[in-house]
Amino acid sequence: MDAILLQILNGLDKGGAYALIALGLTLIFGTLGVVNFAHGALFMLGAFCAVTLKALLSLEKVVLDETQQTAWGTPMEIRTPYIEAWLGDFGVTLLDYSVPVSILVAIPIMLIIGIIMERGLIKHFYKRPHAEQILVTFGLAIVVQEIIKSQFGANPIPQPAPDIFAGSADIGSLLGFDPGRVVYPWWRMVYLAFAGIVIGGVFAFLQFTTFGMVVRAGMADRETVGLLGIDIDRRFTIVFGLAAIVAGLAGVMYTPILSPDYHMGMDFLVLSFVVVVVGGMGSLGGAVAAGFLLGILQSFASMNEVKSILPGIDQIIIYLVAVVILLVRPRGLMGRKGVMET
Amino acid sequence: MSSNSFNRRSLLKGGVALGAGLAAPTIFTSSAWAAGYTNEPTGSTVTFGFNVPQTGAYADEGADELRAYELAVKHINGEGDGGMLNTFSSKALQGNGVNGKKVVFVTGDTQTKSDAARASAKRMIEKDGAIMITGGSSSGVAIAVQGLCQEAGVIFMAGLTHSNDTTGKDKRANGFRHFFNTEMSGAALGPVLKNAFGTDRVAYHLTADYTWGWSQEGSIKKYTEALGWQTEAAVRTPLGAGDFSQYITPVLNSGADVLVLNHYGKDMVNSLTQAVQFGLRDKQVNGKDFAIVVPLYSRLMAQGAGENVKGIFGSTNWHWSLQDEGSKAFVKSFGQEYGFPPSQAAHTTYCQALLYADACQRAGSFKPSDVGAALEGFEFDGLGNGPTLYRADDHQCFKDVLVVKGKENPDSKFDVLEVVEVTPRAQVEYPADLLGGELGPYNNGG
């Protein structure tokens, strides 16, 4: 029972990341009709907002100590972070909380990146076939990741969670299990809560604001909304920026779980596309539901008991589900009738 | 009409005779007789081919390998401070190139993909005239490129490859490895783990699902089970899984009190970080402190795992903090050139370039079979690992192996590992037939 509970938690946590990326993907597809293969790169760029902020906060004053030498015979460098020297304990705290603080930095940066990406490149491909959209956005993703690699290197860069969230919570003892049987890292629980808040925020924005209402109307019938004199293209550009923010924030908060490197977006992109297809292209609710569902399925498929019966199932389960869904219900679990059914 | 008349036929005959006469004094020397091997150098230079990951997951290791190769070429050609040429026991190289030829080099990008690595090696051999190929940061790539070099008739001096198979079941006559292997890691770690954790332990393995991971898992199981440890489970994880939480949670209540992470590179960084986040380093099981072991450490990767490596045992081929004369000379030379200490990948590739050049010089030839004969059974010292043997039977170097531990209080970002034991060469030696495979004959190409 404890093993099942732990795998459900794993699945929810993993599903949270899938859902956040898939939400943006399906939002872009639903509004602009673009299959955006650069969306994983936005997740990665968000993570590197956190890396950059931490690097800036960690800038050090370097003083050469001529009395000591390195192993290669040069004077030893004595390094003191500026932030500590200038702000004292507050500086130390700021450095400790660099990941959550990065959210504030990532929101405007990701919005600008999203708008530049849409206005500068993707809008020229609206009327092109999906194959061309995929090629150009995939190419863009490769360019972005190579730029990141040239600046930050290829190795993962650790981003620790704030000290207060280090270690694990013994949640099993709250549920009547023996102490230590069901423990789960604090930061993963924070991530799960964060994913829930962001998903809820996006839904609320689209459901309860005038802007959201117009966007939903545009998703349903773009032409009619245009005939009413509403500049739907401008709103869809902002939706692209919103999707970029969601992907970026998912990346920022994921950095303590997965040390960021230039390739992390590509690793999530394929899975997130499968999530979108299973949930239904253009369906926001479908993306979220499929994200959590596939996350949980993937976790259960990794259990030793399951793998002993079906070796390798953990590596194919998501694709297996996608194949079944495409055969049985091509529009996905919650997709609109007619979308991707021809 | 005269039979002695001077005509075209007689001129040709005379020319051939004169040419043979002039060539006679040199035709019996090895280099002249060696005509017909792949890319025999004819000009004033000889071209080395450095095949390293310049893109992809191991690009940072590849960059360090390339730095080391460039430094080695400088030293072989007599530039710079000479580095480990000054401490190398063989004094064949004089700092004027190899066999009177200046060393130049070409590079290829393996991308840490076997097909890309073979393509770049093929290009360097066929288009650039490389006399040898060296480098790489993965066993899958090393085995693939070694096979290609055997077919092409050039020597392959392997870079960072740790799988037993490289000089075991997949060994080839034209291939040579300086780096240690999983068998040696197991032999070196076993006694240290016994001292640190005792003989009554239950291990749980998470293993990268490819040739190196299987090799590493097998070796650690062999040596820990010999100590009396039990193996609770050995679970294969997909390469590049990213999030390992679904593989780590079953460890929590499995009854195991040791987690062995047979992961390297990004997988190691992620699985170790996540295992620590799940509280495994601070857990108590069976009345004992839970332990994590990372059998193959890389300093570059350990930096990626940050504070999570503290106190975690593993093994490594070489470390820049060693205090022998060879290591000090290399660290000084590399550090002054680039501003930071070299990695183990840089060390092994530097050594391979020097060892190849030295073997060519001693053989007086670049012909693969002559160079191979010079490397086989070669005993040397002064390259940072103590007295070393290039064993003739499998073309594997035997030398001391380092057992290291994540440092508790590092002085700098490079200072993440501390050497806890230098395991003597005798303890990691094994019979040549243990790992199977056949070297087969040399291929000189031509």
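Which residue takes a positive phi in the hairpin of S1(A) and S2(A)? In this predicted model, the residue is Gly73(A), whose phi is near 90 degrees, in a hairpin that has 5 residues between its strands. The two strands concerned, S1 (residues 60-69) and S2 (residues 75-81) of chain A, run antiparallel and are joined by 7 bridges. One of the paired positions is Val62(A), whose bridge partner in S2(A) is Arg79(A).

**Confidence of the model**

The model as a whole scores ipTM 0.82 and pTM 0.84. Chain B has an average pLDDT of 90, and 92% of its residues score at least 70.

**Helix packing in chain A**

Two packed helices are described by the angle between their axes and the distance between the axes. Helix H7 (residues 186-208) and helix H10 (residues 232-254) of chain A pack at an angle of about 170 degrees, and their axes are 11 Å apart. With angles over 145 degrees counted as roughly antiparallel, H7(A) and H10(A) are therefore roughly antiparallel to each other. On the side of H7(A) the contact is made by Tyr191(A), Phe194(A), Val198(A) and Val202(A), while H10(A) brings Val246(A), Leu249(A), Met253(A) and Tyr254(A). By class, the residues of this contact comprise 8 nonpolar, no polar and no charged.

**The contact of chain A with chain B**

The contact between the chains takes 37 residues from chain A and 34 residues from chain B. On the side of chain A, the elements that give two or more residues are helix H1 (2-32), strand S4 (183-185) and helix H12 (284-301), and H1(A) gives the most, with 7 residues. This side of chain A has 15 nonpolar, 15 polar and 7 charged residues.

**Domains of chain B**

Chain B is divided into domain 1, which covers 45-180 + 320-399, and domain 2, which covers 183-316. The centres of the two domains, taken over C-alpha atoms, are separated by 30 Å. In the contact of these domains of chain B, 13 residues of domain 1 meet 14 residues of domain 2. Helix H3 (59-76) and H5 of chain B each supply at least two residues of the side of domain 1 that touches domain 2. The residues of that side of domain 1 divide into 3 nonpolar, 7 polar and 3 charged.

**Sheets of chain B**

One open sheet of chain B is formed by 5 strands in the order S2-S1-S3-S4-S5, with parallel pairing. Strand S2 (102-109) and strand S5 (175-177) of chain B stand at the edges, and because each has a single partner strand, one side of each is left without a neighbour in the sheet. From one strand to the next, the twist averages 25 degrees. Within this sheet, strand S4 (residues 155-158) of chain B pairs with S5(B) in the parallel sense over 3 bridges, and Ala158(B) has Arg177(B) as its bridge partner in S5(B). Helix H5 (residues 139-152) of chain B packs on the sheet, where it touches strand S1 (45-52), strand S3 (132-135), S4 and S5 of chain B, and the direction of H5(B) makes about 165 degrees with that of S4(B).

Another open sheet of chain B has 3 strands in the order S13-S14-S15, and its pairing is antiparallel. Its edge strands are S13 (378-380) and S15 (397-398) of chain B, each of which pairs on one side only. S13(B) is joined by 3 bridges to strand S14 (residues 388-390) of chain B, and the two run antiparallel. Here the bridge partner of Phe380(B) in S14(B) is Thr388(B).

| Strand pair | Sense | Bridges |
|---|---|---|
| S1(A) and S2(A) | antiparallel | 7 bridges |
| S4(B) and S5(B) | parallel | 3 bridges |
| S13(B) and S14(B) | antiparallel | 3 bridges |

Technical notes
Residues are numbered from 1 along each chain as its sequence is written. Chains are lettered from A and ligands numbered from 1 in the order in which they are written. This is a predicted model: local features need pLDDT of at least 70, side-chain atom pairs count only at pLDDT 80 or more; totals for chains, interfaces and linings use all residues. Two strands pair if DSSP finds at least two bridges between them. Helices (H or I, at least four residues) and strands (E, at least two) are DSSP runs, numbered from the N terminus. Axes are lines fitted to C-alpha atoms, for helices over the stretch in contact, and angles run from 0 to 180 degrees between N-to-C directions. Two residues are in contact if their C-beta atoms, placed from the backbone, lie within 7 Å. Angles under 35 degrees count as roughly parallel, over 145 as roughly antiparallel, 65 to 115 as roughly perpendicular and the rest as oblique. Ala, Val, Leu, Ile, Met, Phe, Trp, Tyr, Cys and Pro count as nonpolar, Asp, Glu, Lys and Arg as charged, and the others, Gly among them, as polar. pLDDT is the predictor's confidence in each residue, from 0 to 100. Domain bounds come from an automatic or database domain assignment.
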